[in-house]
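Let's walk through this protein together, one region at a time. Please keep the sequence and the 3D view open as you read.

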Amino acid sequence: MLKNLQPQTQAIRIQTPRTWQMEHSTPLFLTSSFTFEEADEMRAAFADENDDNIYSRFSNPNVDEFVQKMCALEGAEAGFATATGMAAVFSSIFGLLKQGDHLLCCSSVFRSTFTLVTKYLPRFGIDCSLVSASDKNAWENAIKPNTKMIFLETPTNPQLEIIDLEWAGELAAKHKLILNVDNCFATPLLQKPIKYGAHLVDHSATKWIDGQGRVLGGVIVGNADLVKEIYLFCRNTGPSISPFNAWILSKSLETLDVRMQRHCENAMKVAETLQMHKKLSWVKYPFLETHPQYKIAKRQMSAGGGIVCFEIKGGLENGKTFLNSLQLLSMTANLGDTRSIASHPASTTHSRLSEEERLAVINIL
Ligand SMILES: Cc1ncc(COP(=O)(O)O)c(C=O)c1O
């Protein structure tokens, strides 16, 4: 019955089977392990002959509920939830690639993803080429015989570059590569990368999915065979999410649809208003006609998202004056909260990068 419902309704109605208490809302299963009544039952669980829970590093009812909802929203076959968004990005790459493989990655990905693929991947003998989001020819030219995966983010954090998912899906299919998309900024409510050929979709659930700045979490959903490999990697390396965080995030998904609608309406109004401001050099928002990839954004996203980027005339000093003058907005780096925030990426989240790297990642100093 659930399968016939809209994904947004499934995100409300998918629920761990009721216990004998007949609770309406899912209880918390704060337990490290699960018990068995017979030795053969336990043996069968360890032999993967059934889906019984064994240990919460492997699976847990609260985690399963959260993952099932994410699969319904993204249109995915299977998924695995992780402790943070970075654990999801890390596991989706390290769980599948091996020494001698090559990864093609968009250069303007989130700062920690940039560090992961440029600093840590090579330590394990995995080569990575960075390509500019807007230079389509560069992507195909960078593909090598040992390329295994394309990793991209759209819209990118914080530059809001939009990558054409249909094009990326076709490129991956043509070269038989795994297409791995970080869909954190759009959420499955605005954009569904699997529809365009993505094999894996990652999220930092810490952001819009939690939506209230409470817990960290991440999730990978997609092709069942790939997710199985990632699950086995995580089961043995341990980046699993806590049941408590999964419980919070599963409850959060019940309201994601309405929250995203309001975030997008508000952000659009802010972007349109700021566009007329004389003290700004530019304003960037995916659904403003002035956005360089406006047409792609309109095609693949149902709304522009909750982030607006702009540059204040007069350099860093005027930027600091702006931040120091904020009255209602919080000066913090965690986006996707109910409370609006403002931050200056170049001097905060991206300050550890060299000037050259910063230009590649955010194209802003
Ligand atoms: C696009 C993107 N991916 C991944 C992450 C990492 O998520 P987390 O902080 O939950 O590890 C972030 C965090 O801001 C992000 O914006």
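Helices here are DSSP runs of H or I at least four residues long, numbered from the N terminus. With that in hand, bear in mind that you are looking at a predicted model.

Helix 4, which covers residues 85–94, gives the most to the shell around the ligand, with 3 residues. The shell has 15 residues, and those that come nearest to the ligand are T84, G85, M86, S204 and T206. If you sort the shell by class, you will find 6 nonpolar, 7 polar and 2 charged residues.

How many strands form it, and in what order? The open sheet is formed by 7 strands, the order is 1-7-6-5-4-2-3, and the pairing is mixed. Strand 1 (78–82) and strand 3 (127–131) stand at the edges with a single partner strand each, so one side of each has no neighbour in the sheet. Going from one strand to the next, the twist averages 20 degrees.

You can follow the pairing of strand 1 in the model. Its partner is strand 7 (residues 218–222); the two run antiparallel and are joined by 5 bridges. To find one of these pairings on screen, pick A78, whose bridge partner in strand 7 is G222.

Now step back to the whole chain. The protein is divided into domain 1, residues 2–255, and domain 2, residues 257–361. Between the C-alpha centres of domain 1 and domain 2 there are 26 Å. The contact takes 27 residues from domain 1 and 29 residues from domain 2. On the side of domain 1 that touches domain 2, helix 5 (111–120) and helix 8 (187–190) each supply at least two residues. Helix 8 gives the most to that side, with 3 residues. By class, the residues on the side of domain 1 that touches domain 2 divide into 12 nonpolar, 11 polar and 4 charged.

Finally, have a look at helix 2, residues 39–46. Why does helix 2 lie largely in the open? A residue counts as buried if 20 or more other C-beta atoms lie within 10 Å of its own. Of the 8 residues of helix 2, the number that is buried is 0, so helix 2 lies largely in the open. Following helix 2 you will meet D48, which has a positive phi, near 65 degrees.

Note on methods: Residues numbered from 1 in each chain as written. Predicted model: local features only at pLDDT ≥ 70, side-chain atom pairs only at ≥ 80, totals over all residues. Buried ≥ 20, exposed ≤ 12 C-beta atoms within 10 Å, placed from the backbone. Near = placed C-beta within 6 Å. Nonpolar A, V, L, I, M, F, W, Y, C, P; charged D, E, K, R; others polar. Pairing = 2+ DSSP bridges. Axes fitted to C-alpha atoms, helices over the stretch in contact; angles between N-to-C directions. Domains from an automatic or database assignment. Contact = placed C-beta atoms within 7 Å.
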